[in-house]
Protein chains: 2
Amino acid sequence: MFEAAELGRRVSHEDYKAQVPALREELLEVQRTLRADPRFPVIILFGGVDGAGKSESVNLLSEWMDPRWLITRAYGPASDEERERPEYWRFWRDLPPRGRIGFFLSAWYSNPIIDRVSRQTTRADFGERLQRIIEFERCLTDDGALILKFWMHLNKDAQRARLKKLEKDPLTRWRVRKEQWRNWRRYGRFVDAAEEMIKGTSLANAPWTIVEGEDDRYRTLTVATAIRDAIRRHLDASAASSRISKRSDAQSPALADGKPSRRAASSQPTILSRLDMSQRIKPAPYETRLEQLQGRLNTLHRKAQRHGTSAILVFEGSDAAGKGGAIRRITAALDARAYQVIPIAAPSDEERAQHYLWRFWRHLARGGRITIFDRSWYGRVLVERVEGFASADEWMRGYAEINQFESQLVADGIILVKYWLQVTKDEQLERFHARQNASYKRWKLTDEDWRNREKWDAYAQAVNDMVERTSTRQAPWTLVEANDKYFARLKVLETVCDRFEAHLAKHARGQ
Amino acid sequence: MFEAAELGRRVSHEDYKAQVPALREELLEVQRTLRADPRFPVIILFGGVDGAGKSESVNLLSEWMDPRWLITRAYGPASDEERERPEYWRFWRDLPPRGRIGFFLSAWYSNPIIDRVSRQTTRADFGERLQRIIEFERCLTDDGALILKFWMHLNKDAQRARLKKLEKDPLTRWRVRKEQWRNWRRYGRFVDAAEEMIKGTSLANAPWTIVEGEDDRYRTLTVATAIRDAIRRHLDASAASSRISKRSDAQSPALADGKPSRRAASSQPTILSRLDMSQRIKPAPYETRLEQLQGRLNTLHRKAQRHGTSAILVFEGSDAAGKGGAIRRITAALDARAYQVIPIAAPSDEERAQHYLWRFWRHLARGGRITIFDRSWYGRVLVERVEGFASADEWMRGYAEINQFESQLVADGIILVKYWLQVTKDEQLERFHARQNASYKRWKLTDEDWRNREKWDAYAQAVNDMVERTSTRQAPWTLVEANDKYFARLKVLETVCDRFEAHLAKHARGQ
């Protein structure tokens with residue numbers, strides 16, 4: 001695989017000097033165009049052999065381009081804030097918003113390859129981690145991001161020569177540590193792992209470019225030219241596709257409805273129609289049981305906290321289904337320092353400039369906390385689908401994106417509980433009227449609630465599809481029959497207690 | 001001081017039950033009003049003796065109010081991300097935006113009092129830390145924030161009884177650790193320090209309320225009523241003041257110009273008129289010297305990095321003075337992973353919902369990094385003053401706020417370098433024309449640049465006042481004569497090198 005990067009290609013000093021001024025200007029120009037109409041972020045990743053010019057390339061490009069719109073990230077050992085969250089949290093946090101360029105040094109490729117070279121992971125684990133990378137990059141490029149990846153290559157002798165040279169210069173000596181020489185001695189293993197990694201993760205949406213690293217001038221021109229061309233192409237493509245999507249939206253509004261939702265019109269039975277909505281509980285047994293469950297949750301949560309285990313509770317449901325009341329019955333059982341309720345309304349402008357999952361990643365809490373989302377990332381496949389805020393493409397791939405996101409939470413040891421609170425159409429109407437009639441509740445009812453009600457069937461279908469596609473063994477949905485508030489609240493509490501208990505039992509067995 | 005909180009006041013169960021429902025509804029109502037028209041944040045701090053009901057109060061209020069718009073923060077030992085930044089970084093990060101309520105448990109009062117009780121700080125240090133608290137709270141309330149502080153009191157016997165009671169209940173036993181009993185044994189010292197602290201920090205803008213903690217019902221009603229009333233009063237006052245300020249803005253636009261700037265009209269000599277703007281350097285010596293200085297900076301920065309020392313460079317200057325070029329000559333000397341350039345343009349909506357300094361606090365980097373602000377918090381006393389975006393009150397108190405902010409950076413061991421790049425009016429015109437004539441530079445020139453130019457004298461006066469008031473020994477301004485780009489860039493580089501060197505020398509002596 002790397003043979004083609006050992007051909008000894010060089011660029012003469014004269015050729016280099018002749019090409020650089022125009023290239024620099026063109027890079028500034030694409031950067032400015034990108035910035036003037038921020039449609040997508042550019043993510044440029046540099047990997048490769050130590051000493052092959054990863055950081056030199058980043059430094060030089062930073063010098064050539066406008067540093068105000070560049071973000072450069074390299075990753076040392078995780079800080080404790082990072083260790084207490086899923087591995088990708090810090091990469092999500094650092095993603096450039098649309099219109100900006102981010103340079104990433106090794107980043108999400110670093111640990112998989114180091115762990116493989118040092119034999120800390122099996123071949124199967126390695127494969128899984130590559131799969132995670134593919135999903136991550138796919139998720140970003142599907143959203144329009146441009147991802148470029150450069151692998152800087154040197155053969156074993158050239159690497160030794162480079163490391164020796166770096167060691168000689170007092171200005172670069174610091175860069176060569178024991179670690180670099182250890183890597184050099186494992187050159188064979190490293191190149192094998194790299195080859196497997198590059199083969200596995202070089203897909204059309206985020207291809208690797210292998211760059212011969214021996215000649216600085218050749219390397220620089222290759223990388224800079226590739227960046228310039230890729231951004232230009234992506235700018236053109238994105239302009240073209242935005243014209244097409246505008247046209248097709250205008251021509252066939254039905255497209256946004258996509259395949260699964262077409263059934264909605266005919267009011268087919270959904271997963272919700274199978275619920276027994278008559279379940280009730282009387283006030284007196286409710287009070288007793290509520291207190292028991294709250295005590296149980298409190299004890300369980302403190303136990304989880306000692307293990308540093310976090311939980312994420314997701315509340316979705318029909319309007320007026322009683323999400324707020326159910327959330328309050330949970331928080332009442334907890335120390336106010338241990339939880340955070342995150343209400344999800346319209347995104348802020350910083351959030352709009354990022355992938356839609358970014359705003360949820362940013363709210364992930366440190367170990368031992370409970371984060372309660374009042375509405376969530378499921379907005380993508382509910383309101384955004386039904387109202388046409390997301391294109392059919394967008395919400396349809398949302399299911400996979402969400403499953404991948406949640407699998408990262410669960411893999412990190414987070415307890416993930418998802419509730420759908422359902423009321424019948426009649427019960428909802430009654431509650432709307434009650435809100436209208438009680439002055440202190442009137443603010444809770446908006447025009448939007450009435451508009452959503454008109455789309456009852458479309459929502460039912462969206463919920464049905466959502467549960468079908470995202471109720472996984474690791475992150476199942478709990479459907480809550482919420483016509484009776486007491487019944488609903490107890491079911492919510494019971495579920496979270498059971499999930500905590502199951503998790504802690506597994507934890508205890510694991511030790 | 002605490003005698004009045006040892007009167008044994010109680011509320012009967014019947015009275016409590018009679019009052020609570022209305023009180024809860026009123027609290028929800030003020031919360032809703034606050035949220036509907038978000039004009040200010042509410043910061044509610046709970047301090048006091050262990051076991052006197054700090055967290056019980058927060059838990060109960062969280063249960064009564066809408067948890068979606070509440071933020072609750074308690075602080076354990078600092079994470080490593082927090083330790084590498086000034087002490088107040090984590091409090092700034094957690095501040096509620098306008099329209100929301102934040103509950104803070106001990107927070108910025110915790111360490112000062114603990115350190116004093118354990119005799120880790122002298123009386124003088126304690127005084128300084130109280131001063132820091134006063135400045136912090138003043139800064140927020142001047143911006144409109146409502147700050148309420150409750151001190152929960154118990155006498156020594158009552159505290160022992162409370163701790164014993166907590167220890168008996170398996171649900172609360174975890175809250176009583178060795179630490180709590182150690183605090184109890186030091187009750188006298190604790191109360192003395194608390195008294196001094198409360199006396200020192202109970203000011204009209206952020207008063208303490210001492211609450212008798214023995215009877216839960218009395219304590220709850222006292223706190224909840226005080227919160228309800230204070231928010232109501234603040235809502236009224238803020239509505240009234242926004243009416244007044246709208247009127248006065250309309251009547252006398254000159255007011256925004258304030259006192260110091262009135263001199264601007266007469267084009268008095270300013271600190272800038274004393275600069276020798278003829279200083280130049282030739283290309284050949286420039287190239288040699290540039291390389292030397294960049295090498296020196298690189299070495300110095302790596303040394304600083306080993307000590308975990310961060311630096312912040314602030315670039316302000318006339319339009320077309322060459323800030324971008326000077327910044328690039330610095331970043332070219334650095335590893336791209338070691339610095340971040342933060343361009344300051346219009347704030348995002350998340351930033352607008354906070355105090356204007358919040359957006360700068362959030363960008364403070366971890367240890368060892370260099371953060372370069374291309375424009376900065378000085379916008380408050382420059383563009384916001386001249387353009388009237390900030391009221392005279394706002395920009396005039398800006399000087400003190402900025403000095404306090406910077407003193408926290410410097411106290412944390414950060415190297416702070418501030419540059420003003422000045423060109424003459426003629427030179428600026430020449431550069432504007434050059435930009436107009438070179439196609440690839442035209443985008444750099446905007447209508448705003450021409451408008452700013454018309455206000456040349458007002459800006460000169462604002463710069464003069466800024467330097468006069470914020471060039472402190474700890475954070476001096478460096479005025480850079482920038483008619484000659486070469487001269488300017490070398491001066492910028494030389495200054496940052498000298499500052500690094502001086503800091504490292506002090507550090508070495510300190511060891």
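Modeller: Helix α2 of chain B lies across β1, β2, β3 and β4 (146-153) of chain B. Its direction is about 160° to that of β3(B). Such angles run from 0 to 180 degrees between N-to-C directions, with axes as lines fitted to C-alpha atoms, for helices over the stretch in contact. Helices (H or I, at least four residues) and strands (E, at least two) are DSSP runs, numbered from the N terminus.

This is a predicted model: local features need pLDDT of at least 70, side-chain atom pairs count only at pLDDT 80 or more, and totals for chains, interfaces and linings use all residues. Residues are numbered from 1 along each chain as its sequence is written, and chains are lettered from A and ligands numbered from 1 in the order in which they are written.

Now the sheet under the helix. Its five strands are ordered β2-β3-β1-β4-β5 in chain B. The sheet is open, and the pairing is parallel. Two strands pair if DSSP finds at least two bridges between them. β2 (70-74) and β5 (208-212) of chain B are the edge strands; each has a single partner strand, so one side of each lacks a neighbour in the sheet. On average, neighbouring strands here are turned by 20° against each other, direction ignored. Inside the sheet, β1 (residues 42-48) and β3 (residues 101-105) of chain B are joined by five bridges, in the parallel sense. One detail of that pairing: Phe46(B) has Leu105(B) in β3(B) as its bridge partner.

Of the side of chain B that touches chain A, α2(B) (residues 54-64) gives the largest share, five residues. In total, 38 residues of chain B are in contact with 38 residues of chain A. Contact means that the C-beta atoms of two residues, placed from the backbone, lie within 7 Å. The chain B side divides into 14 nonpolar, 10 polar and 14 charged residues. Here Ala, Val, Leu, Ile, Met, Phe, Trp, Tyr, Cys and Pro count as nonpolar, Asp, Glu, Lys and Arg as charged, and the others, Gly among them, as polar.

How do the copies relate?

Chain B has another open sheet, of five strands in the order β7-β8-β6-β9-β10, with parallel pairing. β7 (339-343) and β10 (477-481) of chain B stand at its edges, so each, with a single partner strand, has one side without a neighbour in the sheet. β7(B) runs parallel to β8 (residues 370-374) of chain B, joined by five bridges. There, Gln340(B) is opposite Thr371(B).

Last, confidence. The model scores ipTM 0.81 and pTM 0.86. Chain A averages a pLDDT of 90, and 95% of its residues score at least 70; pLDDT is the predictor's confidence in each residue, from 0 to 100. Residues 247-265 of chain A fall below 50, and this stretch has 19 contacts in the model beyond near neighbours in sequence.
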